[in-house]
Every structure is written in structure tokens, then in C-alpha cells.
Amino acid sequence: MKQSQSFLAITLIGFGLYFLIQQYDIPILSQFGNWPSILVILGVAFLFSAYGNNQHDNILPGIILFGLGVHFHLLQHQVNWIDHWGMYTLIIGIAFILRAQKKRQGTIIGITFIVISFLALSAFAMPSWLGWLDVVFNMIEQFWPILLIIIGFFMLFKK
């Protein structure tokens, strides 16, 4: 009971602050009165539950929600922030790595996501002799939904 109660308490505090910022339109804080803040609030609640109550399964959704919220905030407020699918896999990879510190599983998955992210994000600054890698990533971007479906079925039916 205590564990779910603290999750609910943090969520209520976060939503209270969110609606307070929206209602009073405080100039300095007005940039936090939009939908990415909801992701950050839920992420913080999950992380508080994960680390404060030793519910380590909540690390993964906490980091993903928090990371996506921060990413979308930065997309809205920072001109030079990277808007690329590699940021999503980077957030997921970081979430798996942080969860693996407590659960001792998922390290390889996290490292794989992070490597994919760095390869995808570094495609912007590649030298010309690695142009073939850009062609590969363009093909992956075109067919990635099919690739995800195939990998999902493989993992589902793998013995």
C-alpha cells in the first residue's frame, strides 16, 4: 500500500504544479505548462517509486517517460536540438542500462540500442568515404516497421 501511495502522491503533486503553472501563467515557468511536462511528471513518479521504494521494474518506464518529456521540451525550446529517431533509441538504451544496474538483466539490449543510436546520429557528420553507411540507414529508415515486425515475431515464437 505504501509503495503505490507514494507513486500516487508524487503524481498528484506533479499534476498540481502543472495545473498551477497553467492557471497563473507564471512567465518564467510558462514553458513547462505543455504536454511534455506530463511525461516528465509521470517519469519522475515512476523513478521515485523505483528508487525510493525498491520497485526496480519501474526504472524502465520512468527513464523512458522522463527522457521523452525532456526530449520534446528541448525540441520546442532549443533550436539546435536533434530531431532524429536515434534520440528515441538512445533514451530506451539508457533506460535499459540504468535498469540493468539494479536488475542485472538487459545490459546487452541497452548497449545495442545505444550503439544503434550513435551510428544513426553520427550519420549527419560522416566523412564522404562512409557514404555507403548513409545509404544503409536510409534503407533502414524506409523499412524499419517491417523489420520491427519480423524481429517481434521471431522473438515471440523463438523457443
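## Helix 4 and its packing

In this predicted model, the buried residues of helix 4 are Gly86, Met87, Thr89, Leu90, Ile91, Gly93, Ala95, Phe96, Arg99 and Ala100. These residues pack against helix 3 (59-77) and helix 5 (107-121).

Helix 4 comprises 18 residues, 86-103, and at 1.5 Å a residue it should span 26 Å. Its end C-alpha atoms lie 25 Å apart, which agrees with that expectation.

## Overall architecture

The protein contains 6 helices and 0 strands. Read from the N terminus, its elements follow the order α-α-α-α-α-α. The C-alpha trace spans about 55 × 45 × 25 Å along its principal axes.

Of the 159 residues in the protein, 33% are buried. Among contacts with a separation of 6 or more, 54% involve residues 24 or more positions apart.

## Helix 3

The buried residues of helix 3 are Ile59, Leu60, Gly62, Ile63, Leu65, Gly67, Leu68, Gly69, His71 and His73. Their cover includes helix 2 and helix 4. Leucine 74 also belongs to helix 3; because its relative accessible area is 24%, leucine 74 is classed as partly exposed. The C-alpha atom of leucine 74 is separated by 9.6 Å from that of proline 36, and the two residues are 38 residues apart along the chain.

## The largest nonpolar core

The largest nonpolar core has 7 residues: Leu47, Ala50, Ile59, Leu60, Ile63, Ala95 and Phe96. Helix 2, helix 3 and helix 4 are the elements that each give two or more residues to this core. Helix 3 makes the greatest contribution, with 3 residues. In soluble globular proteins, nonpolar side chains tend to be buried together.

One member of the core, alanine 50, touches Gln55, His56, Asn58 and Ile59, when residues up to four places away in sequence are not counted.

## The loop between helix 2 and helix 3

Asparagine 58 lies in the loop between helix 2 (35-52) and helix 3. Because its relative accessibility is 17%, and buried means under 20%, asparagine 58 counts as buried. Leaving aside residues up to four places away in sequence, asparagine 58 touches Phe46, Ser49 and Ala50.

Asparagine 54 is in the loop between helix 2 and helix 3 as well. With a relative accessibility of 56%, asparagine 54 counts as exposed. Its phi is positive, about 55°, although the residue is not a glycine. Most residues other than glycine have a negative phi.

## The salt bridge

A search of the whole structure finds 1 salt bridge. It joins the side chains of lysine 103 and aspartate 57, with an N to O distance of 2.9 Å. The pair links distant parts of the chain, since lysine 103 is in helix 4 and aspartate 57 is in the loop between helix 2 and helix 3, 46 residues apart. Lysine 103 is partly exposed, with a relative accessible area of 31%.

## The end of helix 4

Arginine 104 follows helix 4 and is located in the loop between helix 4 and helix 5. The phi of arginine 104 is near 60°, a positive value in a residue other than glycine. At 67% relative accessibility, arginine 104 counts as exposed.

## The largest pocket

The largest pocket holds about 660 Å³ of space. It is lined by 16 residues, of which Thr89, Phe113, Ile116, Leu148 and Ile151 are the closest to its centre. One of these, Thr89, is also among the buried residues of helix 4.

Helix 4, helix 5 and helix 6 (131-157) each supply at least two residues of the pocket lining. Helix 6 provides the largest share, 8 residues.

Methods:
Residues are numbered from 1 along each chain as its sequence is written. This is a predicted model: local features need pLDDT of at least 70, side-chain atom pairs count only at pLDDT 80 or more; totals for chains, interfaces and linings use all residues. Side-chain values use heavy atoms; hydrogens and water are left out. Helices (H or I, at least four residues) and strands (E, at least two) are DSSP runs, numbered from the N terminus. The expected span of a helix is 1.5 Å times one less than its number of residues. Buried means under 20% relative accessible area, exposed over 50%, partly exposed in between (1.4 Å probe, protein chains only). Contact means heavy atoms within 4.5 Å. A salt bridge is a side-chain nitrogen of Lys or Arg within 4 Å of a carboxyl oxygen of Asp or Glu. A nonpolar core is a set of buried Ala, Val, Leu, Ile, Met, Phe, Trp, Tyr and Cys residues joined through side-chain atoms within 4.5 Å. On a 1 Å grid over the protein atoms alone, a cavity is a set of points where a 1.4 Å probe fits but cannot get out, and a pocket is an open set with protein on both sides within 12 Å along at least five of seven lines; lining residues have an atom within 4 Å of a point. Grid points are joined across faces, edges and corners, and a volume is the space filled by probe spheres set on the points.
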